[in-house]
Amino acid sequence: MNAGTAMRRIATTGILVALAGVTVAPPAANAFECPAPKPLAGPRLMNEAPDQTARLQSMLATEGAGADLRRIVSDLRLRYPQVQNAELENYLIGAYCPVVEQNAARNDQQKQADVVRFATAITQIIY
């Protein structure tokens, strides 16, 4: 297993455990990394254009977890009525995480907490 794979596993495990209500901090020597996407039960259905993702990221950079996440999820479901919940989660967390990762004002622990808060909010809306 290479270092990148190990880091993704640590980040993914940390988020999954945090979502279960247990706080786990990654080892201090590790830099923050975005979690790996969840596996899908079927084919990928969403096909957002790069400019659509960029607009979403811009909005999330400005509003963060305070964005109207219910409206965002609702709009995506209208455009992709057959989309799996996991794919919605992957897309939204995948759009938000790089915004958090680039925030030089936040340390790695704060970034992890930001992504966990966002993932928790998204999960509650989607499911």
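Predicted model: local features only at pLDDT ≥ 70, side-chain atom pairs only at ≥ 80, totals over all residues.
Reader: In which helix is V99 found?
Author: Residues are numbered from 1 along each chain as its sequence is written, and side-chain values use heavy atoms, with hydrogens and water left out. Helices (H or I, at least four residues) and strands (E, at least two) are DSSP runs, numbered from the N terminus. V99 is found in helix α4.

Reader: Is V99 buried or exposed?
Author: Buried means under 20% relative accessible area, exposed over 50%, and partly exposed in between (1.4 Å probe, protein chains only). V99 has 19% relative accessibility, so V99 counts as buried.

Reader: Which residues is V99 in contact with, leaving aside its neighbours within four places in sequence?
Author: Contact means heavy atoms within 4.5 Å. Beyond its sequence neighbours, V99 is in contact with Q57, L60 and A61.

Reader: What pattern does the protein follow along the sequence?
Author: The secondary structure comes to 5 helices and 0 strands. Read along the sequence, the pattern is α-α-α-α-α.

Reader: Which residues of α2 are buried?
Author: Take T53, which is found in helix α2. Its relative accessibility is 18%, so T53 counts as buried. Outside four places in sequence, T53 is in contact with E48, Y91 and A95. The buried residues of α2 are T53, L56, M59 and L60.

Reader: Why do the buried residues of α2 line one face, and within what arc do they fall?
Author: The buried set is T53, L56, M59 and L60. On the other side of α2, P50, R55, A61 and T62 are exposed. The arc is that of the directions from the helix axis to the C-beta atoms. Seen down the axis of α2, the buried residues line one face because they fall within an arc of 125°.

Reader: What is the arc for the buried residues of α3?
Author: Helix α3 (residues 69-79) has L69, I72, V73 and L76 as its buried residues. They line one face of the helix, because down the axis they fall within an arc of 95°.

Reader: Which exposed residues does the face of α3 turned away from its buried side carry?
Author: The buried side of α3 has cover that includes α2 (50-63), α4 and α5. The face turned away carries the exposed residues R70 and L78.

Reader: How many Å apart are the end C-alpha atoms of α5?
Author: The expected span of a helix is 1.5 Å times one less than its number of residues. For the 19 residues of α5, that gives 27 Å. The model agrees, because the end C-alpha atoms of α5 are apart by 27 Å.

Reader: Which aromatic pair does the structure hold?
Author: A search of the whole structure finds 1 aromatic pair. Rings of Phe, Tyr and Trp (its six-membered ring) pair if their centres lie within 6.5 Å; planes under 30 degrees apart count as stacked, over 60 as edge-to-face and the rest as tilted. At 4.1 Å centre to centre and 20° between the planes, the stacked pair is Y96 and F118.

Reader: Which helices hold Y96 and F118?
Author: Y96 counts as buried at 7% relative accessibility, and F118 is buried with a relative accessible area of 0%. They are 22 residues apart, and the pair links distant parts of the chain: helix α4 (residues 85-101) and helix α5 (residues 108-126).

Reader: Is Q82 buried or exposed?
Author: Q82 has its place in the loop between α3 and α4. Its relative accessibility is 63%, so Q82 counts as exposed.

Reader: Over which residues does pLDDT stay under 50?
Author: The protein averages a pLDDT of 82, and 76% of the residues score at least 70. One stretch stays under 50, with 28 contacts beyond four places in sequence: residues 1-27.

Technical notes:
pLDDT = per-residue confidence, 0-100.
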